[in-house]
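Here's a quick tour for anyone who likes to look at a fold before setting anything up. Have the viewer open and follow along.

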Amino acid sequence: MSAQPYPFTNFNFSVEINRGSDAKPLANAAFAECDGLEMSMEVKTIRQGGDNGRQIRLNGAVSYGQLTLKRGMSENFDLWDWFRDSIADPRLRANAEVVLLAPDGNTVRARFVLSRCVPVKLKAPAMNARDGQIAIEEFQMAYETLALKRPGDH
């Protein structure tokens, strides 16, 4: 008898953003929410003459969502610098991975790999004198491709 499948939980994740070829993380930030891991395919419908009971479906263009990270905290200004640098050099891109972790917080269950990311929105939070870290209310980035990397994939 095989073991019962353990459902993936969505409360424990990390986001790794790397800009450039040095593979050094761009930001050391933690976020409370992550949304926008999505892709959709346009489907083309073709009707064959004389066959009114059937339609042919063909794969069309794929489009990708926009990743939104909310309520983050950081100890540096790397995301702000990346946004500024992207304004100065519109060709600048980064790669990112959203890492889905097991409840233990260490075991990687899956990685969502986003390529050629560009920042599109960076929103500062309301100011609060109680917190001592740099906070980010919302950060959004567009990406060109999305792939799923399973544990053990290389």
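Is Glu42 buried, partly exposed or exposed? Glu42 counts as partly exposed, at 42% relative accessibility. Keep in mind throughout that this is a predicted model.

## The overall fold

Now for some whole-protein numbers. The protein has 154 residues, and 27% of them count as buried. Its accessible surface comes to about 10,500 Å², with 51% of that belonging to carbon and sulfur atoms. Take the contacts between residues at least 6 apart in sequence: 66% of them join residues at least 24 apart.

In soluble globular proteins, nonpolar side chains tend to be buried together. The largest nonpolar core here has 20 residues, and the ones with the most contacts inside it are Ile17, Leu79, Trp82, Leu114, Phe139 and Met141. At least two residues of this core come from each of strand 1 (13–19), strand 5 (66–74), helix 1, strand 6 (94–101), strand 7 and strand 8.

Two of those residues are worth a click. Leu79 sits in helix 1 and is buried, at 4% relative accessible area. The C-alpha atoms of Leu79 and Leu122 are 8.2 Å apart, although 43 residues separate the two along the chain. As for Met141, if you skip its neighbours within four places in sequence, you'll find it in contact with Ile17, Gln66, Leu67, Trp82, Ala96, Cys117, Val118, Pro119 and Val120.

## Cysteines

A disulfide is a covalent bond between the sulfur atoms of two cysteines. How many disulfides does a search of the whole structure find? The search comes back with zero.

Cys117, which is one of the contacts of Met141, is buried with a relative accessible area of 0%. Cys34, on the other hand, counts as partly exposed at 25% relative accessibility.

## Salt bridges

Side chains of opposite charge can pair when their charged atoms come close. The count for this model comes to 12 salt bridges.

Back to Glu42 from the opening: Lys44 forms a salt bridge with Glu42, and their closest N and O atoms are 3.0 Å apart. Lys44 is partly exposed, with a relative accessible area of 41%. Asp81 pairs with Arg84, with 3.3 Å between the closest N and O atoms. Both residues lie in helix 1 (residues 78–88), three residues apart, or about one turn of the helix. Asp81 is partly exposed, at 27% relative accessible area.

Then there's Arg116 with Glu144, a salt bridge whose closest N and O atoms are 2.8 Å apart. Arg116 lies in strand 7 (residues 108–123) and Glu144 in the loop between strand 8 (134–142) and strand 9 (145–149), so the pair ties together parts that are 28 residues apart in sequence. Arg116 counts as partly exposed at 41%, and Glu144 counts as partly exposed at 39%. If you'd rather look at a group than a pair, Glu16, Glu97, Arg111 and Lys149 are linked in a network of salt bridges.

Which residues make a nonpolar surface patch of about 280 Å²? The patch is made by Met39, Met41 and Val62. Val62 belongs to strand 4 (residues 55–64) and counts as partly exposed, at 40% relative accessibility.

Most residues other than glycine have a negative phi, and most peptide bonds are trans.

Arg71 is not a glycine, yet it has a positive phi of about 50°. Arg71 lies in strand 5 and is partly exposed, with a relative accessible area of 41%. Arg116, the salt-bridge partner of Glu144, likewise has a positive phi of about 50° without being a glycine. Its place is in strand 7.

Key. Residues are numbered from 1 along each chain as its sequence is written. This is a predicted model: local features need pLDDT of at least 70, side-chain atom pairs count only at pLDDT 80 or more; totals for chains, interfaces and linings use all residues. Side-chain values use heavy atoms; hydrogens and water are left out. A disulfide is a pair of cysteine sulfur atoms within 2.5 Å. Buried means under 20% relative accessible area, exposed over 50%, partly exposed in between (1.4 Å probe, protein chains only). A salt bridge is a side-chain nitrogen of Lys or Arg within 4 Å of a carboxyl oxygen of Asp or Glu. Helices (H or I, at least four residues) and strands (E, at least two) are DSSP runs, numbered from the N terminus. Patches are made of residues with over 30% relative accessible area and no salt bridge: like charges are joined within 9 Å, nonpolar side chains (Val, Leu, Ile, Met, Phe, Trp, Tyr) within 5 Å. Accessible areas come from the Shrake-Rupley method with a 1.4 Å probe; for residues, only the protein chains shown count as cover. A nonpolar core is a set of buried Ala, Val, Leu, Ile, Met, Phe, Trp, Tyr and Cys residues joined through side-chain atoms within 4.5 Å. Contact means heavy atoms within 4.5 Å.
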